[in-house]
Amino acid sequence: MKRYNVAVIGATGMVGQRFCLLLENHPWFNVAALAASPSSAGKKYADAVAGRWAMTSPIPAKFADMTVLDAEADLDKIAGMVDFVFCAVNMKKEEIRALEEKYAKAEVPVISNNSAHRFTPDVPMIIPEINPQHADIIPAQRKRLGTKRGFIAVKSNCSLQSYVPALHPLQKYGVKAVAVSTYQAISGAGKTFDRMPEILDNVIPYIGGEEEKSEREPLKIWGSIENGEIVCTDTPKITAQCLRVPVSDGHTAAVFVSFDKKPSKEEILQAWADFSGEPQKLGLPSAPKQFLHYFEEDNRPQAKLDRMLENGMAVSVGRLREDILFDYKFVCLSHNTLRGAAGGAVLMAELLAAKGYLG
C-alpha cells in the first residue's frame, strides 16, 4: 500500500487530538498538515492545544512543533500538500457543509467526522464492517461536484456505533422494532471532568439532536443505492433515548429488539461470534480481529473495563436475554472517540484506500 499524505482539519479539538494520536505511527497515512480555526492558525500545535489537551497520552513529539494552518484561508496550500483530509471541525452545520465541499471541489477527498453531510443523498455514511458497498455512490457524487478525485464520505454518529453493529448480523431474522437507551460519555461532548463539573454525581437526560440521529442514521446505513442516491430503508422502526452520564469514555446502550422471525438465543450468539466484515477480510491496519465480543458475565460489558478492547475498535455485547414486551434485550458498549469517532474515520479511510478511491 502506498503512503498517503493527509491533513487533520480541526486538529485542536478533542476528536482532532485523537486523530493525531492514531496517525502518529500509522503505516499508510502520514500527517503533512494540521489545520484549525484562525485563533489557532500560526501557532505551534503544542501551543495551540496548551491547557486543553484532553488525551491521557502526551502530544506526539512529531506534531508538537508543527505550525497550525488556517482551515479556510490556507485551503489551497493544504490541497497542494495532501492526498486527502480528515475533518473534525467545530463550526455551524452550514459552515461545515460549505467547507467540506470546498475541499472536495479542490480535488481533496474529505473523510469527515462531522454530521453536516450525513443526509446529503450522494454522500456515503459508512461503518466499514456494515455498509462498505455504499462507497459505490462516490462516482455519482463526483459527477455532481464536477470533480475527478474530490468527494466527501462521513462516519455516523458515535451513539449508534455501539448498538447498530450488534443488530446488523441479526437482520437475516427480520429486525422489525428497536428501542434503545444510550448512556453517553462526556468526551462525546468534547468534555473532560474538569471542564464539565455539572456531570459529577449526575445524569443529564438530554443531548441535543442525539435521539433523532440515533433513530434516523441507521436507516441510511441499511439503505440502498438507487439512481445516484442512497435511499433510506423503512425498517426497522427505532425509538431512542440518549442520556449523558459521568463516564470519561465509552457509550453504553441498552437495546430491546423484536423480529419477524424470532431466533433462538443460541442463533443470536452464533451470529455475533461468526460476524466478520470487509475490514477483517482485507486485514486493514485499524480493524479489530473480532468485531463483536460477547461477555457471559452478568456485570459486563463495563466502560472502564472494556472500552479499550482491541485498541478501542471492537464492540462489546452482554446480558442477552428474552424480554416480556420485545423478543430480546441486551447491552452494548463502544469507545466513542475511537470506534465512534476518529478511529472509525481512520478505518473508513483505510477501506477507501484499499478500494482505490483515494489514489
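I started at Val6, which stands opposite Phe84 in E4. The model I am reading is predicted. Val6 made me look up the strands on both sides. Strand E1 covers residues 4–9 and strand E4 covers residues 84–87. I counted four bridges between E1 and E4, and the two run parallel.

Next I went through the whole sheet. I noted six strands in an open sheet, ordered E3-E2-E1-E4-E5-E6. Its pairing is parallel. Which strands form the edges? I found strand E3 (69–70) and strand E6 (152–154), each pairing on one side only. Then I looked for a helix on this sheet. Helix H1, residues 14–23, packs there. I saw H1 touch E1, strand E2 (29–36) and E4. The direction of H1 makes about 160 degrees with that of E1.

**Helix H1 and helix H12**

I followed H1 to another partner. Helix H12 spans residues 338–354, and its axis comes within 10 Å of the axis of H1. How do the two axes lie to each other, parallel or oblique? I read a crossing at roughly 50 degrees. Angles from 65 to 115 degrees would be roughly perpendicular, and those under 35 roughly parallel. H1 and H12 are therefore oblique to each other. I also looked up the hand: H1 passes H12 in a right-handed crossing.

Which residues meet here? On the H1 side I listed Val15, Arg18, Phe19, Leu22 and Leu23. On the H12 side I listed Leu338, Ala341, Ala342, Gly343, Ala345 and Val346. I sorted this contact by class and got nine nonpolar residues, one polar and one charged.

**The other sheet**

I then turned to an open sheet of six strands with mixed pairing. I wrote its order down as E10-E7-E11-E14-E13-E12. The edges are strand E10 (237–244) and strand E12 (292–295), and each pairs on one side only.

Strand E13 holds residues 315–322 and strand E14 holds residues 328–334. Five bridges join E13 to E14, and they run antiparallel. I looked up Arg321 and found Lys329 in E14 as its bridge partner.

Helix H8, residues 210–221, lies across strand E7 (175–184) and E10. I read its angle to E10 as about 145 degrees.

I searched for cis peptide bonds. One runs from Thr235 to Pro236, with omega near 0 degrees. I located Pro236 in the loop between strand E9 (229–231) and E10. Another cis bond joins Arg300 and Pro301, where omega is about 5 degrees. I placed Pro301 in the loop between E12 and helix H11 (303–306).

I looked at phi angles next. Glu107 has phi near 70 degrees, a positive value in a residue other than glycine. Where does Glu107 sit? I found it in the loop between helix H5 (93–105) and strand E5 (110–112).

**The chain as a whole**

I finished with the overall figures. The protein chain has twelve helices and 14 strands. Its C-alpha atoms fill a box of roughly 60 × 50 × 35 Å along the principal axes. I compared the radius of gyration with the value for a compact globule. For 359 residues such a globule would have one near 21 Å. I read 20 Å for the protein chain, which agrees.

Conventions:
Residues are numbered from 1 along each chain as its sequence is written. This is a predicted model: local features need pLDDT of at least 70, side-chain atom pairs count only at pLDDT 80 or more; totals for chains, interfaces and linings use all residues. Side-chain values use heavy atoms; hydrogens and water are left out. Two strands pair if DSSP finds at least two bridges between them. Contact means heavy atoms within 4.5 Å. Axes are lines fitted to C-alpha atoms, for helices over the stretch in contact, and angles run from 0 to 180 degrees between N-to-C directions. Angles under 35 degrees count as roughly parallel, over 145 as roughly antiparallel, 65 to 115 as roughly perpendicular and the rest as oblique. A crossing is left-handed if the near helix is turned anticlockwise from the far one by less than a right angle, and right-handed if clockwise. Ala, Val, Leu, Ile, Met, Phe, Trp, Tyr, Cys and Pro count as nonpolar, Asp, Glu, Lys and Arg as charged, and the others, Gly among them, as polar. The radius of gyration is taken over C-alpha atoms; the globule rule is 2.2 Å times the number of residues to the power 0.38.
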